[in-house]
Amino acid sequence: MDTPGMISCDDELRHWPTDEAQARAVQDRLRPSVRLDEAGPEPGFEGTVVGVDVAYDDERDVVAAAAVALDARTRAVVDRATAVGQISFPYVPGLLAFREIPTVLDALGRLARTPDLVVCDGYGLAHPRRFGLASHLGVLTGLPTIGVAKNPFTFRYAPPGPERGATSPLLDGAEEVGRALRTQKGVKPVFVSVGHRTDLDRACAHTLHLAADYRLPETTRAADALCRRALADA
């Protein structure tokens, strides 16, 4: 995968951190590369949106990643790939990307097409260091990315209205780091944040379009099911 503006993934993987101090230094070094000056593709665009997710077997130190490509307009699955690797970084809240990204990159690289947008099951700017998985993956690949998480991490929010499409700010102090988004009437919201080369309005619109029938976007649902199967077969 060769996308304009991407960091050299090979170089980053060769020097992948093995402890907290190294990982935080990498976040500090790469954070300024996050692009917040692009709106990203329009919802329902003619192209491919890819969901990525991982599953772990901690007893074997194994992680399985899945990348599932959907037609961005119809939400039909058009491609899928998996990869299995060894967990090479300890569990540390706020540094989960360092456990996941090498295998996620492997899965993405096995797709037959380059994504126009990547949806991560996690955080982008809604991260204590403003550099969650979606931002990290976006910087490494150069691709537009968003994060759609199941919980608000350490941030606060007022419940959005009960109707589908209602939102409320996800706040760190007075700073809006993302939004709580109600994807289905009366169902718990998801938490959307910008990763790289997108804006928050479009990140929420993409999430709503992809979550036509369920709380979670179809990208996440498909990638979650596939990575679990890959882990079971590993």
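Student: Leaving aside its neighbours within four places in sequence, which residues is Leu137 in contact with?

Tutor: This is a predicted model. Leu137 belongs to the largest nonpolar core, which has 64 residues, and is named there with Val52 and Leu108 as touching the most other members. With neighbours within four places in sequence set aside, the residues in contact with Leu137 are Val52, Ile101, Val104, Leu105, Leu108, Val118 and Cys120.

Student: Why is strand S1 described as largely enclosed by the rest of the structure?

Tutor: S1 covers residues 48–57, and buried here means under 20% relative accessible area. The strand is largely enclosed because the number of its 10 residues that are buried is nine.

Student: How many bridges join S1 to S2, and how many join S1 to S4?

Tutor: S1 and S2 run antiparallel, with Val52 paired to Ala67 and Asp57 to Val62. S1 and S4 (residues 117–120) run parallel, and there Gly51 has Val119 as its bridge partner. The count for S1 with S2 is 10 bridges, and for S1 with S4 it is four.

Student: Which residue in the turn between S1 and S2 has a positive phi?

Tutor: The two strands form a hairpin with four residues between them. In that turn a phi of about 55 degrees belongs to Asp61.

Student: In the hairpin of S2 and S3, which residue takes a positive phi?

Tutor: S2 pairs with S3 (residues 77–86) in the antiparallel sense over nine bridges, one of them between Val63 and Gly85. Five residues lie between the strands of this hairpin. The residue there with a positive phi near 70 degrees is Arg75.

Student: How many residues of helix H4 are buried or exposed, and what phi does Gly142 take just after it?

Tutor: H4 spans residues 133–141, and nine of its nine residues are buried; they include Leu133, His136, Leu137 and Thr141. Just after the helix, Gly142 takes a positive phi of about 80 degrees.

Student: Which residues are the closest to the centre of the largest pocket?

Tutor: The largest pocket has a volume of about 590 Å³. Of the 29 residues that line this pocket, the closest to its centre are Leu96, Glu100, Asp121, Gly122 and Tyr123.

Student: By class, how many residues of the pocket lining are nonpolar, polar and charged?

Tutor: S1, helix H3 (97–109) and helix H6 (218–233) each supply at least two residues of the lining of the largest pocket. By class, that lining has 14 nonpolar, seven polar and eight charged residues.

Notes
Residues numbered from 1 in each chain as written. Predicted model: local features only at pLDDT ≥ 70, side-chain atom pairs only at ≥ 80, totals over all residues. Heavy atoms only, no water. Buried < 20%, exposed > 50% of the residue type's maximum accessible area, 1.4 Å probe, protein only. Pairing = 2+ DSSP bridges. 1 Å grid on protein atoms, 1.4 Å probe; cavity = no way out; pocket = protein on both sides within 12 Å on 5 of 7 lines; lining within 4 Å. Points joined across faces, edges and corners; volume = space filled by probe spheres on them. Nonpolar A, V, L, I, M, F, W, Y, C, P; charged D, E, K, R; others polar. Core = buried A, V, L, I, M, F, W, Y, C linked by side-chain atoms within 4.5 Å. Contact = heavy atoms within 4.5 Å.
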